[in-house]
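Here is a quick briefing to go with the model. Have the viewer open while you read, and take the topics one at a time.

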Amino acid sequence: MDDFWRELQHKFNKKTQGSVNGKGCIEWSGTKKGKSGYGIQVVKWPQGEEKREAAHRVAYMIRHKLTRYDMPRVDENNNTIECSHICHNASCVN
């Protein structure tokens, strides 16, 4: 599984560039979703399926080595968890 994460990180990094807005954003330069501007990364999961994932979620998955199936959906109080960024820049993956 380490090879999977290493390869995904490499593929992901090729589509990012450092901050251009002074807020510490890492800008996604790959495919973006319609008018929303959110980045999209196609991931071929080890189970064999290929899915379009939000790039900022993929960044989180890579960092924590969580697959889409392991991503937490609710917290300990049963509140919905959202993977987001506080900069409000749709193309940011930091």
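This is a predicted model: local features need pLDDT of at least 70, side-chain atom pairs count only at pLDDT 80 or more; totals for chains, interfaces and linings use all residues.

Buried here means under 20% relative accessible area, exposed means over 50%, and partly exposed is whatever falls in between, all with a 1.4 Å probe and protein chains only. Residues are numbered from 1 along each chain as its sequence is written, and side-chain values use heavy atoms, with hydrogens and water left out.

**Aromatic rings**

- A pair of aromatic rings is described by the distance of the centres and the angle of the planes.
- Rings of Phe, Tyr and Trp (for Trp, the six-membered ring) pair if their centres lie within 6.5 Å; planes under 30 degrees apart are called stacked, over 60 edge-to-face, and the rest tilted.
- Searching the whole structure turns up 4 aromatic pairs.
- One of them is Phe 4 with Trp 45: the centres are 5.5 Å apart and the planes sit at 40°, so this pair is tilted.
- That pair ties together distant parts of the chain, 41 residues apart, with Phe 4 in helix 1 (residues 2-13) and Trp 45 in the loop between strand 4 and strand 5 (50-54).
- Helices (H or I, at least four residues) and strands (E, at least two) are DSSP runs, numbered from the N terminus.
- Trp 45 has 1% relative accessibility, so it counts as buried.
- Trp 45 also pairs with Trp 5, where the centres are 6.5 Å apart and the planes are at 75°, so this one is edge-to-face.
- Here too the link spans distant parts of the chain: Trp 5 is in helix 1, and Trp 45, 40 residues apart from it, is in the loop between strand 4 and strand 5.
- Trp 5 is buried as well, because its relative accessibility is 5%.
- Put together, ring pairs join Phe 4, Trp 5 and Trp 45 into a cluster.

**A charge over a ring**

- The charged end of Arg 68 sits over the ring of Tyr 69, 5.8 Å from the ring's centre.
- For that label, NZ of Lys or CZ of Arg has to be within 6 Å of the ring centre and within 35 degrees of the ring normal.

- Gln 41 belongs to strand 4 (residues 38-44).
- With 0% relative accessibility, Gln 41 is buried.
- Contact means heavy atoms within 4.5 Å.
- Setting aside neighbours within four places in sequence, Gln 41 is in contact with Lys 11, Phe 12, Lys 15, Trp 28, Lys 51, Arg 52, Glu 53, Ala 55 and Val 58.

**After helix 2**

- Lys 65 lies in the segment after helix 2 (55-64), and has a positive phi of about 50° despite not being a glycine.
- Lys 65 is partly exposed, because its relative accessible area is 48%.
- His 88 is found in the segment after helix 2 too, and its phi is also positive, about 60°, though it is not a glycine.
- His 88 counts as exposed, because its relative accessibility is 74%.
- Pro 72 is in the segment after helix 2 and is partly exposed at 36% relative accessibility.
- Not counting residues up to four places away in sequence, Pro 72 touches Leu 66 and Ile 81.
- The C-alpha atoms of Pro 72 and Cys 83 are separated by 9.4 Å, with the two residues 11 residues apart along the chain.
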